[in-house]
Amino acid sequence: MSLVSEEYGMFLDGTFHTSGGVFSVEDPATGDTIATVASGNADDVGTAIESAINAQREWEALDPQDRGTILQDVATAVEAAEDQIAEIVTQENGRPIGQSKAIAGGTSNYIAYFADLADKIEGESIPVPGERHAFTRREPLGVSAQILPWNAPVLLCARGVGPALAAGNAVVAKPAPEAPLGILELARTMSEAGLPDGLFNVVPGGGETGEALSTDPRIDEVTFTGSVPTGKRVGRAAVDNLVPMALELGGKSPAIVFPDADIEAAVDGAIHAITMMSGQVCFATTRLFVHEDVYEEFRSSLLEAVDQIEIGPGRDNPDLGPVISGEALSNIETYVTEAIANGATAISGGSRLDRKGHFFEPTIIEGAADDAPISCEEVFGPVVNLYEFSTEEEAIRRGNDTDYGLYATVWTDSVGRAHRVANALEAGSVMVNQYSGSTPATPFGGYKQSGIGREKGKQALDHYTQLKTVNIDIS
Ligand code: NAD
């Protein structure tokens, strides 16, 4: 039985509401409509913001210990609802159910991590001359607007909502129209677990709804996760409103495989880049630079591993699910076709699958120029590029030769080289000998066009608070 209800409302002030319009959400594995969802307009956004403003005053006034206790209860409830949320996310964005369950587990971890920190948001005492006591306080901002993508909707929502609430703010979230259902279920679960009404409102809709939220002068902060062009637009609105922003944008991440690497582990990392959410992941290492001494070994192991990839609907827990939409499928096809027309070769895959739903073969491209579109732009599909290099300097230079700077992986047995290369790579996160060691405690964000600000870790609490200096004459 499907866990997805056929009709979803907006989640405002602790309950579901209808709106003037609705939109459909489809299952990318079949193309069938699975639910209709209320589409929020500017009035609905305004109602959500007013509800958040009212709820935030009382939330801020609570003892931080009490905020932490409520959020711990919320985290426990989200953990209990993990499987249900995972199944909903798999239906709406196609992610294999095993991956969705792992991600749903991460969702409660985020909330629990920041719940623990709610009473550890501290200021400093500043030594000043004379008989004075100067100190700082970290105070909440007010209403945080959070605009989200469809690829890891619930996890990314908790990544922002967790620290925002722990720091004493309220949230209005705008999920992507492709995948709003998991976030609506998350809001319902958090509310039923005792989160006060109005602290976490969800207004589904498309770009217009996002624009109404990001430009509203009543918001006090904006966190955007999505593409570079939309991020810049949201950033311009934040400047007009003079509110802090966190922009978590795209990537074109390198993986660098040195001759002393554990080749099996590095191949496994490359397979993750292809299969995790069908390659539709901001940090996917889609540019594989492999040293000439191990190139043939890596290439043949990768081809062997790609042959083993099972493809199917996310609910059957294959290795590789569908991509999000027919439009996404066409974009991927265009990148691959254009690369091949310009002399590159698809040494594996290269085509859409002739079946219902939006499926593309796991694809390895060899021989693409470093400045080809497929080497420079986000393909957002199960496609990686293979390049050969000779020296460490060359690998660093080519790895950094991108407008993005979100992530990188380095595969080597040398401690010295690991440090050297990690330091030289222009990326917000560098993993050594692993594809992802991410936890709620590890800050995440982009260099260059990959964004502004950092999510996760204690640093996220700095973003969701403003600093006040108090200076008292005690003479
Ligand atoms: P997108 O930019 O198309 O949409 C993101 C969100 O912005 C959606 O909710 C969308 O409805 C909304 N939006 C669209 N127009 C808007 C406007 N004018 N004003 C305000 N909001 C608007 O991105 P997407 O296709 O949903 O997601 C894929 C992108 O997200 C990729 O580039 C990926 O790399 C990036 N991403 C980044 C991270 C990260 O943490 N850095 C994580 C996941 C995805």
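Seven strands, in the order 15-16-17-14-13-19-20, form an open sheet with mixed pairing. Here strands are DSSP runs (E, at least two residues; helices are H or I, at least four), numbered from the N terminus, and two strands pair if DSSP finds at least two bridges between them. The model is predicted: local features need pLDDT of at least 70, side-chain atom pairs count only at pLDDT 80 or more, and totals for chains, interfaces and linings use all residues. Residues are numbered from 1 along each chain as its sequence is written, and side-chain values use heavy atoms, leaving out hydrogens and water.

**Exercise 1.** Work out how the open sheet of 3 strands is arranged, and which helix packs on it.

*Solution.* 
- The order is 1-5-4, with mixed pairing.
- Strand 1 (7-8) and strand 4 (21-26) are the edge strands, pairing on one side only.
- Strand 1 and strand 5 (residues 33-39) pair in the parallel sense over 2 bridges.
- Tyr8 stands opposite Val37 in strand 5.
- Helix 3 (residues 82-93) packs on the sheet, touching strand 1, strand 4 and strand 5; contact means heavy atoms within 4.5 Å.

Conventions
Axes are lines fitted to C-alpha atoms, for helices over the stretch in contact, and angles run from 0 to 180 degrees between N-to-C directions.
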